[in-house]
Amino acid sequence: MWLVWDMSILLSALSLVIMLLLIARRVLQERRGSAAADQRRSLLTALIAFTENRDREALKAVLLSVPASVAIDAGFEFISLLRGEEHDELVSAFNECGLPALVGKQLERGNGAERIHAAEMLAALRSENAVASLLSALDRDRSREVRIAAAIALCDVGALPPLVITLRKIGIAGQRSRRLIELFRRFPPRRFDELEDHAGRQDAVPFTRAAAIDALARSGGFRFADFFARAVGDPSAEVAAAALRALGLTGHADAPAILVKAMANDDWDVRAEAANAAGRLGLSELAAPLAQLMDDEAWTVRYAAANALRSFGRAGERVLQEIAASEVSRSQRTASLILAEGPAI
Amino acid sequence: MMVADWSHGVVLAASILSWFIIGAGLAQTAVYLLQLIVAAYALSRRPPVARSALLWHRYGDVAPPIALLVPAYNEEVNVVESVHSMLALEYPNFEVIVINDGSKDQTLQRLIEGFKLVKFHRPYEEAVTHKPIRGLYSSPMTERLFVIDKENGGKADAQNAGINVCRAPLFCVIDGDSILEPDALMRAAQPFIDDPERTIAVGGTIRIANGSRIEAGRVREIHLPTRLVALFQVVEYLRAFLMARLAWSRINTLMLVSGAFGLFRRAEVVAVGGFTKGSMGEDMDLVIKLHRYMRDTKRKYSIQFVPEPVCWTEAPETLSVLGRQRTRWQRGALECFFRYRSMLFNPRYGRVGFLGFGHILVVDVLGPVAEVLGYVLIPAFWLLGILSAEYLLAFTSLIFTYGVCVSVCSLVLEEAELQRFPRARDLAVLTAVAVIENFGYRQLNNFWRVKGWWQFLRGDQGWGEMTRTGLGGAKK
């Protein structure tokens, strides 16, 4: 019992001492804080002046006069606002002041949030050593978020290793992140084949395969339409749904037959995407299967089918009106609701 | 002989009772200290991203759509300003759905006037049950806003109506009188971006806005409350969020995502039937249902707490209102514990059954009763000479000195990692509050919790009136 008492006194005293030290630290920070804000302000003024007069030496003098952390932080935000020649000159000024080396150190030694930010800054600064530092982070960093950030940064500087290797380095757990969608969307067109290969790999994580298909559909266009048409038959519902979304964007000569088949898929997500694709492509010849889909057990599918019909214009609306006027059923209710959608009269 | 037997029996009973009280206190303290260690580890592993501009740059393109569900009952004072601030949130893809839960005041009228609302038909799935909807409204001023006018059915019922009408895969519940920081959704959505398959719910931090400068539905300057009752709650909330929830989240045993600010994946919430109507603790109830459903269906999942997204709320400033709130929270916790008691120590539910429910048992079910019993019995037994001073000191240390340690350590966590209080003076004030709250306020709180126990046993279902002055009335 005495131990309970003694420990409590010790722990309470210790916590109070730590808190008092933190308060003292804060007092010091408050005093320094205003100085840092002034430095940041003077740097931003110099950066704005640089965009007007392009006086690189004057900017470098200011960059070197403020603490590196302030320069990197404010500089990164400013660089990301610029484009073209102005941007390149500013990046050169930062490189000449040796700031990327400090960012490189942050990528190695900072905490998780700092390391992710450092990867982004290295991509923006495009220094000589950026690729080596980023490759090292992709290879060795213990955090998957940092490894993904490094991969995105490498993609931005045009030095991403082959996709198979990149994904292996990111690790299986990291292959669930939506950040990979961003990585795939940044892929240069000359490397789209890698995305296609990955999307077609049955042993890859379905989420990444679907993300690769989405990225190809956004940027690759009709070139991959045949691939999307094949991928609709993929055993993974996630991949099939992504392929249908893609087909809805690119279109395909066999789209009507493919979509009708997909509308009978066991997975509701696939059926809904098939209906959406039919609507997006304006395939009014699919009005009959879409009308059938309006009796689907899943609301999302019924709603997608009704919306697709509505997107066909008068012909589709006529079908909806006929269903709405029929006997009370799931499809009848859905049709009525869709027809009524919008401001009440 | 008989007198000796009798006195021996009394001493034995007193000793057993004292051991129970001290044992419960020890267990509770051990849980708190463990939480502190885990929370400190979690915070050090995942320090916050300082600026929201960075988040937008990083996640803006891949952030999933979110529907913000805002139940409003008699909120005419704040509702328009609150909705304006929600519409100004920094998130690429979201809609705000205000659910007027049969308010008796001018809540709906204020919304109609404030946003020029017109009646609107929007097809929706009747996936979860709720009281009938009288009308849906949209605003020509913004495509992001929808208002549901429905018959009164309580907060859970209103949220269920919002779940049905919303179309986003994620929804965020928030109280009508709360203020979300502009980047709160972006920060809360981060786990859904990093691990979209497994993340099913995310909770953020609730902070107390009393005393802060609020303009146009935004907290412009953070100040501490001027009233002691609200100051105590600042420390309490730090302890609850930064210590307890962060720790439980780290080991995927989070049992509560606050109804004042929580982000959920719609599909799973629909699968468990939405919020349980008539529940005193509908937020805890939902999280427990989600745990049970995911465990029953053997799916991998995570329910997380992220400390950085902040929702500001108004704390009660009078003891009577605070007392009603706390007795209600206690009834809510007990209701959930007994409703899902089959999960307690059930191997089928793994760490949720052992750690999550074990924690509720120690802290919410046994804790207040043991502590209040201790206040009366331990000193009495000592005065009667039944217990030695050792026991008295042990009890005192568990209540007061460990209490100081836990509260101050929560503040240490806040200052070491987040630094949300802008001035050193605020920290000094909060440190003092963290000490003195253990001498009076803690006891009062436990009294309210025991009262909650009593009301629970009597089957009292009243919510009690929650008088608010409105955040617009905070320091300007």
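Reply: Start with one bridge: A:Pro343 has B:Phe120 in E3(B) as its bridge partner. This is a predicted model, in which local features need pLDDT of at least 70 and side-chain atom pairs count only at pLDDT 80 or more, whereas totals for chains, interfaces and linings use all residues. Residues are numbered from 1 along each chain as its sequence is written, and chains are lettered from A and ligands numbered from 1 in the order in which they are written. Helices (H or I, at least four residues) and strands (E, at least two) are DSSP runs numbered from the N terminus.

Me: In which sense do E1(A) and E3(B) run, and how many bridges join them?

Reply: Strands of a sheet pair through backbone hydrogen bonds, either parallel or antiparallel. Two strands are taken as paired if DSSP finds at least two bridges between them. Here E1(A) and E3(B), residues 118–121 of chain B, run antiparallel and are joined by two bridges. E3(B) also pairs with E4(B), in the antiparallel sense over two bridges. B:Val118 has B:Ser138 of E4(B) as its bridge partner, and B:Lys119 has B:Tyr137.

Me: Which strands does E5(B) join, and in which sense?

Reply: E5(B), residues 142–150, is joined by six bridges to E4(B), residues 133–139, and these two run antiparallel.

Me: How many residues does each chain give to the contact between chain A and chain B?

Reply: Two residues are in contact if their C-beta atoms, placed from the backbone, lie within 7 Å. Chain A gives 40 residues and chain B gives 42 residues. On the side of chain A, at least two residues come from each of several elements, including H1 (2–53), H18 (299–311) and E1 (342–343). H1(A) provides the largest share, 16 residues. Ala, Val, Leu, Ile, Met, Phe, Trp, Tyr, Cys and Pro count as nonpolar, Asp, Glu, Lys and Arg as charged, and the others, Gly among them, as polar. By these classes, the side of chain A that touches chain B holds 22 nonpolar, nine polar and nine charged residues.

Me: At what angle do H8(B) and H13(B) cross?

Reply: Two packed helices are described by the angle between their axes and the distance between the axes. Axes are lines fitted to C-alpha atoms, for helices over the stretch in contact, and angles run from 0 to 180 degrees between N-to-C directions. Angles under 35 degrees count as roughly parallel, over 145 as roughly antiparallel, 65 to 115 as roughly perpendicular and the rest as oblique. The axes of H8(B), residues 228–250, and H13(B), residues 389–418, come within 9 Å and cross at roughly 70 degrees. H8(B) and H13(B) are therefore roughly perpendicular. Among the residues making the contact are B:Leu238 and B:Leu242 of H8(B) and B:Ser410 and B:Leu411 of H13(B). By class, this contact of H8(B) with H13(B) has seven nonpolar, two polar and two charged residues.

Me: What is the handedness of the crossing of H2(A) and H4(A)?

Reply: A crossing is left-handed if the near helix is turned anticlockwise from the far one by less than a right angle, and right-handed if clockwise. The crossing of H2(A) and H4(A) is right-handed. H2(A), residues 56–65, packs on H4(A), residues 84–96, at about 45 degrees with the axes 10 Å apart, and the two are therefore oblique to each other.

Me: Where does H12(B) bend?

Reply: The bend at a residue is the angle between axes fitted to the seven residues ending there and the seven starting there. H12(B), residues 350–383, bends by about 55 degrees at B:Gly367, with B:Pro368 following within four residues. Just after H12(B), B:Gly385 has a positive phi of about 80 degrees.
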